[in-house]
Amino acid sequence: MPKFNFRERREFGDQFVQFLKDTGREAVSSREALRTIYNVEFRTRNDTKTPNFSSILFTLGQSGRAEVRGDFVRFGKVGAAHAAPSCLSAPRADEVAPRAAPACRDTDQLGLYAHIQPAPSALRAEFIGGKHGVEILSEHDRGNGRIRFPVTPNEPATVSIWVQNNGAEEVTLLGYRALRKQREFTFHDESKVTRQQPRVLQPGDSYSIEARCLTQHYGYYPVTVLFEFTKEQDGPFSIGRFVSAVANSRLAEELGPTAPYRPYQANLRKTVTFITEDGVPPDSSQHPELKQLIPLGFYNYPKDLITSGWHWPCRKSLAAELQFENYQEKFQLLLHLEELQMEVDIRRYDMQDVPMVKDTQNKRLLILEVPGVAENRPSVLRGDHLFVTRSEQRTLPQLVQYKGYVHAVELERVKLGFSPNLLASFVNNLKFDVIFTFNRLPLRVQHRAVELAKKRNLGEALGGLFDRNLETNQEQYDAVQQIVTGMSRPAPYIIFGPPGTGKTVTMVEAIKQVRDSHVLACAPSNSASDLLCQRLLKHLDKGSIYRINASSRDYRQVPEEIKVRPCCNWDDAQQCHVYPSKEKLQHYRVIITTLVTAGRLVTAQFPDGHFSHVFIDECGHAVEPECLVAIAGILTTMDRETNTNGGQLVLAGDPKQLGPILRSPLAIEHGLEVSLLERLMKHNSLYQKGAESYDPQFVTKLLRNYRSHAALLEIPNQEFYDGELQECADRLISYSYCTWEELPTQGFPIIFHGVSGEDQREGNSPSFFNTLEVEALVTYLKKLLQSQGKRGRSRISPKEIGIISPYRKQVEKIRQAITKKDGDLMKLPDIKELKVGSVEEFQGQERRVLLISTVRSCTEYLSMDEDFKLGFLKNPKRFNVAITRAKALLIIVGNPTVLSKDPHWNTFLRYCTAKGGYTGYPYAEESPEEDALLEELNSLHLGSRFPHMETGF
Ligand SMILES: Nc1ncnc2c1ncn2[C@@H]1O[C@H](COP(=O)(O)OP(=O)(O)OP(=O)(O)O)[C@@H](O)[C@H]1O
């Protein structure tokens, strides 16, 4: 190997950068493209010997002349050596709670916060940096201390790592070792260097060490290697490298990142004055039949909420216990705080210099590509708006900003209606800077709801916030009878219990039985509202049910059953969801909406007493003001003297399943995370357990599980339900996979398939994906769907299978694999009915077979910051929901090492292993020796702690 010292390599690097500029290619940022230019053009210009590409790139990185992240390279000064990529400045990690999540439902949760990577700390630079002239080099250098090479299962792959002394004095190599053992890796060197048998490296010497990887499984195998040295006057020192081998299947390769991950860049916009020109909204939002009689205020937060730093009087209001007196004030403040956080968060999606083109089908619309919109990043729905300014005018002190209304969202692009002025001067590919906004409507209807609650004196309907002296009725009725007779009024009736115990079924039965009624049935998400509608359709005359979708809802996501028996507000002629007049709506016995869309009924001002019942399913999943949207202005409170016909509120849910989704850590800290259901059950004596049971006048606890095989209930029962849950499922279904040939152990219908995958990200999406897990899922799906009806097993159709993944990006990749990449699966006629979604989208749902891909995997270990890596897999409620959706078979695909760091997942993993359900990548619990890794790192004289160093950049 030719010997070049650091200075020489840097000079060659500088020449190469100049060469790129001279040939007009300074903007090339793909590492592989640059390597080709270097090898094919630059190196062959003359006969001079040159260092290899990896080593000059490494040197440019070291000297602060290039930023290298995976395949992405940017030349130019990046500040000090090892400068951090310009990571986001806001929101800071400590500004958002790890458990917090965006307010938009049915979206990926953690992914949103996953971008908040700790900056690549100086400690990492210190760990990987060359010292005393000693460098570690490899052909497979990927920058930032990473050496990564491909491997094929069952074929050993070997790469050389060079230890090179570019200094002026001799140094001694004392040895090298993997910090965390990785059984796939072995290391070899000619002299078998050890402390007892060290190797002296004279100035200019190189010494080669071979890293060899052999694996039987597809996977990502990372190992952190420490090279230890000593030098006469300077004493001992060490240099680290993150070595990894990757065995990818073809599918995994195809699904890999489409663009290098670019984390959010702080926006550099200066303060300018904007003149706004309004755009053209889509038709349906202009002339609805349903008149808007109660105006909806804007409820903007007071501007001084930011400037005064919400010290006083906010803190006092927040700290105060919730009373009916402060009900409105406290909830409105919490909603303002939540909105402030949403404003901070949405900024990361802003774009600069993006072209728009005219829509060829509708010349009045412009098309904007928005990468990430398909996965709700940013969440953009029909009727929402955004602002654009002309990029070339960016530096002007006064700017015209054009408001564009979203007419349609199609995959990665949106169609926008702008002012005629902009259209008149528009030419295709004109570039714009884009500022996204979020829809404030959900916040506004919640503000109005808490205001109405106060005005209409709903204190008692909200569970007797201050008057708890309600007469109790000791008679034992079952839940349905209680609801039918309305005995709990004015207090709400609560149905609660573990998953699959029939809460929704009980609610549907009660709705069926309440005669002479007008019912509003709601749930927080579209999917749970659809479920209510689907179940009601089985029992009620379809002419008596009406499902109102928000005008922004994508019709393609409405379940077929609701479309086929048209009982929803889709208008074929207008091709949009419409709001019929109040008079028409009053004829329906049951109206079903999401909680937020119920606000539209409030605005329409139905006559007092029109709605006799409000049923809210999955109530624990909504913040209290959100529940209130479907109550305040809808139900009148029953009063024994003045209004005996007052309405009945029925809430169903499980406080152990998913709670409300919030962004603001302040709002969470001060109670917005506590749902109405949870607050009533925790703090209201009516709903507390008496000596033996709950008072059936107000509450029913359901404990018989009609959904799942006993093996599936074991862990949730033990971890969350004190063993009270009883197995009552129909065994024809729940035992239907007990003899499936793919089960590691017959009779135990759970497969825990260990995959040593890799966390990946692409483009500007902070969400993670893991293509090796997709590969494993696809293999199981084929086995399930292709070999049907064997060994007494009933046939299964795609609609009886569900796949859950906590990350939006993984959901997208799985869908792609099933419907576009895998030739066998995409051919299946009903494959589109196989639901793939986040845990949120599966709350309340069930499938005969359920697969879960947990995504997060080991990356470069330097610390064991498992908290960060696990992210929202760590949330017990999410864990509980995910593993309780299956009736007969549950398959988990994930990394056991990572999952075992969470107590619940670890219990589950141990359980599966003990029962013989574990398969895939061989996994053994970590030895205490491995757990001592952190201590060892801390003893390397590289600083006192190693937080967050494992994350890839
Ligand atoms: N009394 C019953 N007899 C037989 N099957 C029942 C009974 N009650 C409910 N089921 C069935 O049990 C399953 C779960 O019911 P349901 O969805 O209502 O439960 P849930 O408590 O709402 O669940 P989750 O908490 O997951 O939302 C459904 O398949 C339902 O048909």
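Reader: How many helices and strands are in the protein?
Author: This is a predicted model. The protein has 32 helices and 35 strands.

Reader: What share of the residues is buried?
Author: Of the 953 residues in the protein, 48% are buried.

Reader: And the largest nonpolar core, how many residues has it?
Author: It has 105 residues. L777 and L890 have the most contacts inside that core.

Reader: Which helix gives the most to this core?
Author: Helix α23, residues 771–786. It gives 8 residues.

Reader: Back to L890. What does L890 touch, leaving out residues up to four places away in sequence?
Author: L890 touches L712, P749, I750, L850 and I883.

Reader: Switching to the ligand. Which residues are closest?
Author: G502, K503, T504, V505 and Y706. The ligand is surrounded by 13 residues.

Reader: How does that shell divide into nonpolar, polar and charged?
Author: The shell around the ligand has 6 polar, 4 charged and 3 nonpolar residues.

Reader: New topic. What does UniProt list for residues 124–246?
Author: An unreviewed UniProt entry lists "domain: Helicase MOV-10 Ig-like" there.

Reader: How much of that span is helix, and how much strand?
Author: Residues 124–246 are 55% strand and 4% helix. The end C-alpha atoms of the span lie 23 Å apart.

Reader: Last one, on contacts between residues at least 6 apart in sequence. What share joins residues at least 24 apart?
Author: In this protein, 79% of those contacts do.

Conventions
Residues numbered from 1 in each chain as written. Predicted model: local features only at pLDDT ≥ 70, side-chain atom pairs only at ≥ 80, totals over all residues. Near = placed C-beta within 6 Å. Nonpolar A, V, L, I, M, F, W, Y, C, P; charged D, E, K, R; others polar. Helix = DSSP H or I, 4+ residues; strand = E, 2+ residues; numbered from the N terminus. Buried ≥ 20, exposed ≤ 12 C-beta atoms within 10 Å, placed from the backbone. Contact = placed C-beta atoms within 7 Å. Core = buried A, V, L, I, M, F, W, Y, C linked by C-beta atoms within 7 Å. UniProt positions renumbered as here; feature names shortened; annotations may be inferred.
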